[in-house]
Protein chains: 4
Amino acid sequence: MDNIKIVFLEEPELKSPIMVEGLPGVGNVGKLAAEHLLEQVKATKFADIYSKFFPPQVLLDDDGVIRLVNNQLYYSKGSGDRPDIIFLTGDYQGLTPEGQYELSDYILQLSKKWKVKMIFTLGGYGIGKMIEKPRVLGAATDLDLVEEMKKKGVIFSKGEPGSGIVGASGLLLGLGKIEGIKAVCLMGETSGYFVDPKGAEAVLRVLASILNVEIDFSELETKAEQIDMITSKLKEIEQPPEPRREDLGYIG
Amino acid sequence: MDNIKIVFLEEPELKSPIMVEGLPGVGNVGKLAAEHLLEQVKATKFADIYSKFFPPQVLLDDDGVIRLVNNQLYYSKGSGDRPDIIFLTGDYQGLTPEGQYELSDYILQLSKKWKVKMIFTLGGYGIGKMIEKPRVLGAATDLDLVEEMKKKGVIFSKGEPGSGIVGASGLLLGLGKIEGIKAVCLMGETSGYFVDPKGAEAVLRVLASILNVEIDFSELETKAEQIDMITSKLKEIEQPPEPRREDLGYIG
Amino acid sequence: MDNIKIVFLEEPELKSPIMVEGLPGVGNVGKLAAEHLLEQVKATKFADIYSKFFPPQVLLDDDGVIRLVNNQLYYSKGSGDRPDIIFLTGDYQGLTPEGQYELSDYILQLSKKWKVKMIFTLGGYGIGKMIEKPRVLGAATDLDLVEEMKKKGVIFSKGEPGSGIVGASGLLLGLGKIEGIKAVCLMGETSGYFVDPKGAEAVLRVLASILNVEIDFSELETKAEQIDMITSKLKEIEQPPEPRREDLGYIG
Amino acid sequence: MDNIKIVFLEEPELKSPIMVEGLPGVGNVGKLAAEHLLEQVKATKFADIYSKFFPPQVLLDDDGVIRLVNNQLYYSKGSGDRPDIIFLTGDYQGLTPEGQYELSDYILQLSKKWKVKMIFTLGGYGIGKMIEKPRVLGAATDLDLVEEMKKKGVIFSKGEPGSGIVGASGLLLGLGKIEGIKAVCLMGETSGYFVDPKGAEAVLRVLASILNVEIDFSELETKAEQIDMITSKLKEIEQPPEPRREDLGYIG
């Protein structure tokens, strides 16, 4: 059995497309952002990628029909200033370091074949505490890209993230640089404790302006409010109202 | 050394056989069910499958003669409404995700060669509590099969199992669908805490009606009673009779 | 780099040799037994086996000269009733299931090339408590061998070991049986808590009689006494003299 | 994707170079020492080694430009008594035993091609307690080298390190010996609790004298003082001033 198997539903003709990657990760920020964007531009799925580097697992739809866990490729034709876009999203990242390398290399070989002009990888930057206004941090394959992104509001902050970027969002840049493919990673700040639509929105606001896409954020905002409600309830449970002094009398 | 090695005892000629898989898993429901069925139809073993994806282990028979852990293939010729059946059972599933994929792919390649018409994978659906009347949940490679199975009493319940199906029972469907092989997974509800003959019986009652097999369930029922006895004894130990109030006097 | 690499110091001509395997395992019984036997028959090392399935580690001799961890092959020419013998011992077994399979298969391919007549694998059978007179349990590739071994005092006890035999001592039998090589596993009972020369001696007394080898056991017996001394001291520490009743007065 | 990929910036012509390896390990002694030496001799990077045996991770420079984690090769031309030197350093060692073997074998194949005369591997010897004057212990591929190193002040101490040498610093010797490449491992004593510039300095003083290199140690010494300050502060926190007797009155 091949390590990785791609099944095409369609082979679209695209002109110097931009690739946008959003796979599961910290706060699921990248996946949420990529999926919201591909819904907004009404992108079309054109390929499924299966691999023995993913878990041996099938998922069920509402009717009871299964599908093997995978990564998925979507495309959206551009118009005016908006470029052709390929989206990479999916259920899982590779389970092992070797799997991570093989899968990212596979995507990059496809990208070269399809003359992908540039890759944006989306992810979360876990800071371990709740945050009201998440920043969007960046990393890039070269200094020109860094300068370009700064103009779009992306923050490049010395020493952040201190431990680098792990997983597909990092590898597509790292291996891409070796292969001569330009790539940028956009990371939305997130507590990392919950699925975080707020981090995804922050990332997407930056990306939308770069790609000249109009986005309706109401769905993400509704999700963010739901998460906010849950987390504030959890906070109440964790921090009960302070006991009156006399309640503690029997201790002291 | 090859990853997987098959040793044939016989190469039976079968007409569009049905394959029934039952390997170790949650509550051992699938293995119990498949093994009871193959005994009932007096199936004949025709191949042993060895693999370095299994543990490096031999088992001993009562005389002290060893055999390497493996998976096994049995066949039973049909008659009347009953189709030819191939059974896949064994000591272990693959130890790693890669092993799981390789082994399921191997079985599917054999299935294609043997023109297997359809695969039934059997398993348990762990619900974390004891259950009196286990339901049989289903999953299938396409919607027609779902409808067909519903008529046989299989329950397709939105969101169950929520995390999909892991292991051979899932992969044979997931990879099978890609290869164009029709397959259904039948899952008997089980606590998951014990080997569960009751869950196996539930699965088998459905499968027997689909395959037009007459089954004597008395052996499985005896096993179920034994397990029931053990578990109720365990419950007694865990929940000792409530102490009389005065026994606790020294606490309050 | 090859998975396994053999370096020959010599290529001895042997007549239908017997192979004796003793690698690290439960109570180190197998390795102790094989090494004591090869010293007693003054066997000669003729090959080193290196593998990336072993740990990435070198060991130092007393002078500070290193050697890569490995498995080793020794031979001893027979005379009279004593057959030619090949010994397999070493620092480690394969670290992963795959490594275990690959290494055992490698040894079996060599065995076939060298027309090895039979393999004895030596190991410990951990019973979780100290034992005065360890029995020697057996397992074999066929029933004739079982009968033959019973005559030599090997015990074949239904249900022991219940979980089969794991590692090289099991795999050489399991894979050997598939390859048509006769093999017996001899297991000396051991607590499994300590290196156990007593278990090794028990195994070796049986094997010596089978192979018609005269063995001086004094060295193993000295080691056994040392271990006995250590373990009885440990017991004293764990079980302090029972406190007199009044010492506990303040509890009750 | 290849397991290991090398990207050359330059292919220097070197005369029987010495290789010096210092990768991350106990107390980071080897990496600190190798990096300090290559800075002192103003070595030039000539190759990057990437591998799927490293973590799937990119690191960021101060500007936000990424690079894939890797190992790096530097060279320095000799003059007078000082030989040509190749340095091997990097972010990580291989994550798995197999990765360790493959990477060390890869380096050794390069070494043979480049006619490397001898390899020095640098590492730490963790002794689990703070140490004022770290010794430099040695291990070598043959006895002549041991004698030669003793004259340079390297200590060869029977039974140290008792568990041998694990990782690249060991494997380059172990595999090197099989390939006929002379190699020495120099281990600086270290607590193993902190990055340890003092251990690195000790190793480097020995190596500098062997390679006839003049080294300014002031930078390492400054780092060592900083670590000393941190560790003494930590000690204070862990060992608060002894409480006065009366403070404990309520216990006794």
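Which residue in E8(B) does Met19(B) stand opposite? The first legend has the reply, and every view shows a predicted model, in which local features need pLDDT of at least 70, side-chain atom pairs count only at pLDDT 80 or more, and totals for chains, interfaces and linings use all residues. Residues are numbered from 1 along each chain as its sequence is written, while chains are lettered from A and ligands numbered from 1 in the order in which they are written.

**View 1. Strand E8 of chain B and its partners.** Strands (E, at least two residues) are DSSP runs, numbered from the N terminus, and two of them pair if DSSP finds at least two bridges between them. Strand E2 (residues 18–22) of chain B runs parallel to E8(B), joined by four bridges; here Met19(B) stands opposite Ile119(B). Eight bridges join E8(B) to strand E11 (residues 183–190) of chain B, again in parallel, and Leu122(B) stands opposite Leu186(B). E8(B), residues 118–126, is mostly covered, with eight of its nine residues buried (20 or more other C-beta atoms within 10 Å of a residue's own, with C-beta atoms placed from the backbone; 12 or fewer is exposed, and in between is partly exposed).

**View 2. Ser79(C) in its loop.** Look for Ser79(C) between strand E6 (71–76) and strand E7 (85–90) of chain C. Ser79(C) counts as exposed because it has 10 C-beta neighbours inside 10 Å. Its C-alpha atom is separated by 19 Å from that of Phe46(C), 33 residues apart along the chain.
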